Amino acid sequence: MRITIITVCYNRKATIGKAIKSVLEQNYHNIEYIIIDGNSTDGTQEIIESYGNRISKYLSEPDKGMYDAINKGLKLATGDVIGLMHSDDEFYDKNAITKIVARFNYYTNTEGVYGDGIYVSNDKEERLIRNRIGGVFRLKKVREGWLPLHPTVYLKKSIIDKYGLYNLDFNIASDTEFLLRYLYKYKIKMTYINAYIVKMRMGGMSTNAKRAFEVLYEDYKIYKFHGLAALLVVFLKKSIALRQYLVH
C-alpha cells in the first residue's frame with residue numbers, strides 16, 4: 001500500500017524542517033511525499049530543496065490559499081491512501097503511518113481512518129495544551145458538532161476521486177466542509193485508531209485567536225450549507241473544543 005502525504009506551506013522556515021523530518025523518519029517506507037509551497041520568501045524553499053530527491057514531488061508557486069495548495073497536492077497524488085502533514089506539525093512518533101496502514105489492511109472495507117492528536121505550545125517547552133481523543137466513529141457525533149482531527153484523517157484516493165477536493169468558497173474552515181461532505185453527506189466508512197498520530201503547534205490557522213470569530217462564522221455557513229441546525233451545532237462544536245483544553 002502506497003501512502004501519499006501532502007504538506008503545504010508558505011513562509012514556514014521555523015517549522016518546516018521538523019515537519020519534513022517527521023515524515024522522512026517514519027518506519028513505513030512506501031510513502032509518496034508531496035510538498036506544495038506558496039512561493040515562500042523567508043528561506044523555506046531552501047530548506048525544502050536541501051532534502052533533494054527524498055521529497056517525491058515539490059511545487060513552489062503562488063496560490064489562492066492553503067486549500068488551493070492542498071488541492072494541487074491532491075491532484076498530484078498517486079498513493080492508495082492520502083493524508084496531510086501541516087507545516088507547523090509533526091507525527092507523534094515514527095510508527096504513525098505503520099499504524100494507519102495496519103488499520104486499512106485489517107479493515108479492508110474501510111474508506112478512511114483517523115486517530116488522536118495533541119496540541120502543544122509554540123515554544124521550546126512544547127507544553128501540552130489540548131488533547132484530542134477521537135473515539136469510535138458515530139454519525140450521531142457528527143450531527144452534534146464532533147469531527148475527527150483533520151491531520152489524523154487518511155482517506156483512500158478512490159474516495160477522494162469520487163467525492164471531490166476542498167471547496168474554495170470557504171477560506172478558513174474548508175476542512176470542516178470537506179469532512180462533513182465525506183462523513184455526513186456521503187457517509188463513508190470510517191475506522192478509529194486508538195493511538196496518537198500527530199503533534200500540532202498552537203498558532204496555526206485553525207488555532208489563531210485573532211481569527212476565531214471568522215472560523216465560527218464560516219463554520220456556521222458550512223453547517224447551514226449541509227442542512228444542519230447551524231447555530232446549535234457550532235455551539236456544541238465549540239463546547240467540545242473547550243473541554244479538550246488542559247488547565248495548567
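This is a predicted model: local features need pLDDT of at least 70, side-chain atom pairs count only at pLDDT 80 or more; totals for chains, interfaces and linings use all residues.
**Reading the labels in this structure**

Me: Why is Lys21 called partly exposed?
Reply: Lys21 has a relative accessible area of 46%.

Me: What makes Glu25 and Lys21 a salt bridge?
Reply: Their closest N and O atoms are 3.9 Å apart. The cut-off is within 4 Å, so this pair counts. Glu25, at 34% relative accessibility, is partly exposed. As background, side chains of opposite charge can pair when their charged atoms come close.

Me: Why is the pair of Asp88 and Arg12 called a salt bridge?
Reply: The N to O distance is 3.1 Å, and that value is within 4 Å, so the name applies. Asp88 lies in the loop between strand 4 and strand 5, and Arg12 in the loop between strand 1 and helix 1, so the pair ties together parts that are 76 residues apart in sequence.

Me: How do you know whether Asp88 and Arg12 are buried or partly exposed?
Reply: Asp88 has 15% relative accessibility, which is under 20%, so it counts as buried.

Me: What makes Glu177 and Arg181 a salt bridge, and where do they sit?
Reply: Their N to O distance is 2.6 Å, within the 4 Å limit, so they qualify. Both are in helix 7 (residues 174-185); being four residues apart, they are separated by about one helical turn. Glu177 and Arg181 are both buried.

Me: How do you know that the charged end of Lys141 sits over a ring?
Reply: The charged end of Lys141 is 4.3 Å from the centre of the Trp146 ring. The distance limit is 6 Å, and the direction must also be within 35 degrees of the ring normal. Lys187 is also listed this way, with its charged end over the ring of Tyr184, 5.4 Å from the centre.

Me: Why is strand 9 described as largely enclosed?
Reply: Ten of the twelve residues of strand 9 (residues 190-201) are buried, so the rest of the structure largely encloses this strand.

Me: What makes strand 5 and strand 6 partners of strand 9?
Reply: Pairing needs at least two bridges. Strand 5 has two bridges to strand 9, so they pair, and they run antiparallel. Strand 6 has eight bridges to strand 9, so they pair too, running parallel. Within these pairings, Phe91 stands opposite Val198, while Ile118 has Lys199 as its bridge partner.

Methods: Residues are numbered from 1 along each chain as its sequence is written. Side-chain values use heavy atoms; hydrogens and water are left out. Buried means under 20% relative accessible area, exposed over 50%, partly exposed in between (1.4 Å probe, protein chains only). A salt bridge is a side-chain nitrogen of Lys or Arg within 4 Å of a carboxyl oxygen of Asp or Glu.
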